[in-house]
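Biologist: I am new to this structure. Could you show it to me, and then take my questions in turn?

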Amino acid sequence: MQRNNTPMSNNKTIKSALISVFSKDGLEPIVKQLDAQQVTIYSTGGTEKFIKDLGINVIPVEDVTSYPSILGGRVKTLHPKVFGGILNRQNNDSDVAELVDFDIPQIDLVIVDLYPFEKTVASGASHQDIIEKIDIGGISLIRAAAKNYADVVCVSSVDDYAEFLELLTSKNGETSEEDRKQFAAKSFNVSSHYDSAIFNYFNTDHDIAALKISETNGKVLRYGENPHQRGFFFGNFDDLFTKLHGKELSYNNLLDVDAAINLMNEFKGEAPTFAILKHNNACGFAQRDNIHDAYTDALAGDPVSAFGGILIANTEIDKATAEKIHTLFCEVVIAPSFSNDALEILKGKKNRILLILNDIEFSKTTVRTCLNGVLVQDRDHKTDRVSDLNFVTNTQPTSNEIEDLIFASKICKHTKSNTIVLVKNKQLCASGTGQTSRVDALNQAIHKAKSFDFALQGAVMASDAFFPFPDCVEIANKAGISAVIQPGGSIKDQLSIDYCNENNVAMVMTGTRHFKH
């Protein structure tokens with residue numbers, strides 16, 4: 001039966017609180033403020049001890065339930081006298097009467113901080129330790145209190161302690177329904193994320209065809225791909241990078257940075273290597289004995305496209321390199337480190353973004369929207385190596401050509417399909433990117449290389465997919481290219497092999513296609 005009282009304010013004053021948290025950081029001022037406002041506090045275990053040690057009166061939950069904590073602490077708050085106090089509807093006469101009949105205390109505030117399940121998984125803990133960090137009582141308290149936001153405030157994470165303390169002090173313990181609803185939304189965000197993390201741990205091998213993606217770190221971007229589109233980034237950017245300088249990264253910056261670090265990861269631990277990217281594709285790339293020469297030759301690959309590009313190095317950027325970079329307008333510069341002198345030089349442009357790439361582990365899957373759903377696939381973790389090469393022509397590539405072929409293949413893997421990549425002496429001469437025809441991609445690459453005065457005699461060619469006809473190897477040969485790397489797999493592979501044999505072109509096949517759409 002509902003009460004038929006005249007509509008009243010939905011504001012509620014906190015008179016009782018249940019506190020059961022893992023992290024005590026920031027809890028002390030909340031507890032002291034509650035005590036100052038004469039709020040009755042209930043608690044359990046370590047939280048109860050923490051409050052007692054502050055000299056503040058606290059009622060053990062066991063005194064309410066008349067039942068001890070059991071099973072090594074696995075069951076403490078799971079009791080009708082606890083959940084009845086949280087879930088009762090204060091405008092419902094029957095609920096209020098049952099509280100009286102069963103001697104159940106009303107609970108106006110629930111503060112919970114869950115066991116750190118994700119941190120435990122990330123720490124490399126044993127399976128049993130991970131299982132023990134699956135919170136049961138806490139997650140149940142959160143769901144109950146958030147469901148009954150009409151009467152109860154739910155603070156569900158240590159991250160919300162400061163915001164709640166401000167509310168508590170500014171309103172002297174009074175909350176509006178809007179306040180409680182906002183905290184309820186935060187609570188369901190916490191609980192849904194927690195459950196997703198647990199499911200993903202159990203479904204590591206994707207035996208269950210279900211997708212649970214939950215990111216609690218969200219950021220509003222200036223706009224999306226274009227100014228008329230809204231844009232957001234969900235993820236912990238600071239886990240990947242240390243930002244040293246510059247403006248906020250845009251939607252397009254983030255896409256380019258993602259492409260840059262995935263490409264450079266192919267060259268981790270190798271000789272000094274520098275890449276310049278534009279619209280997710282490398283427009284300049286070179287590997288040399290020092291990072292200054294690597295940058296100089298990467299820039300020479302396409303100094304026009306480099307304007308406004310993303311720059312990335314696989315080793316520290318020094319003063320000499322920074323001085324040269326400083327003459328170019330570029331959006332972002334990424335490196336494992338910067339010398340002090342280099343950093344001061346590059347900070348000379350206030351908007352230039354400088355990032356240190358942390359040692360990271362890349363996701364094992366990629367996800368993208370498609371139609372009314374999403375596509376998920378394994379990341380392309382295959383990198384072509386010398387041991388993968390099948391030497392299919394009479395003419396064999398030289399040792400230098402083999403190095404260039406592998407170098408070109410790595411770049412090709414991270415270039416938009418259809419693509420052809422031309423390399424000479426570990427320098428990107430040009431690439432044809434995102435073409436509907438492989439012949440068009442090759443012609444684009446040759447034209448571009450010649451426009452920047454690259455001599456293609458002795459260069460090598462990499463293709464992301466097989467040649468169904470010999471036209472590409474013929475065009476490449478006439479341009480001076482001496483060696484080719486491609487996956488093979490066409491029913492007409494022999495046509496390309498025959499042309500190469502007739503014209504002394506070396507060709508190797510890897511057996512692995514690297515489409516990138």
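Biologist: Which residues have the most contacts inside the largest nonpolar core?

Modeller: This is a predicted model, in which local features need pLDDT of at least 70, side-chain atom pairs count only at pLDDT 80 or more, and totals for chains, interfaces and linings use all residues. Residues are numbered from 1 along each chain as its sequence is written, and side-chain values use heavy atoms, with hydrogens and water left out. A nonpolar core is a set of buried Ala, Val, Leu, Ile, Met, Phe, Trp, Tyr and Cys residues joined through side-chain atoms within 4.5 Å; buried means under 20% relative accessible area, exposed over 50%, partly exposed in between (1.4 Å probe, protein chains only). The largest such core has 39 residues, and those with the most contacts inside it are Phe285, Ile334 and Ile411.

Biologist: How many residues does the other core have?

Modeller: Another core lies apart from the largest one. Among its members are Leu422, Cys472, Val505 and Met509, and its residue count is 27.

Biologist: Is α12 mostly covered or uncovered?

Modeller: The buried residues of α12 include Asn253, Leu254 and Asp256. In total, 10 of its 14 residues are buried, so α12 is mostly covered.

Biologist: How far apart are the end C-alpha atoms of helix α12?

Modeller: The expected span is 1.5 Å times one less than the number of residues. For the 14 residues of α12 that should give 20 Å, and this agrees with the distance in the model, which is 20 Å.

Biologist: Is Leu355 buried or exposed?

Modeller: Leu355 lies in strand β15 (residues 353-357). Leaving aside neighbours within four places in sequence, its contacts include Phe237, Val332 and Ile334. With a relative accessible area of 0%, Leu355 is buried.

Biologist: And is Gln377 buried or exposed?

Modeller: Gln377 lies in strand β17 (residues 373-378). Not counting residues up to four places away in sequence, Gln377 touches Lys364, Thr365 and Thr366. Its relative accessible area is 52%, so Gln377 is exposed.

Technical notes: Helix = DSSP H or I, 4+ residues; strand = E, 2+ residues; numbered from the N terminus. Contact = heavy atoms within 4.5 Å.
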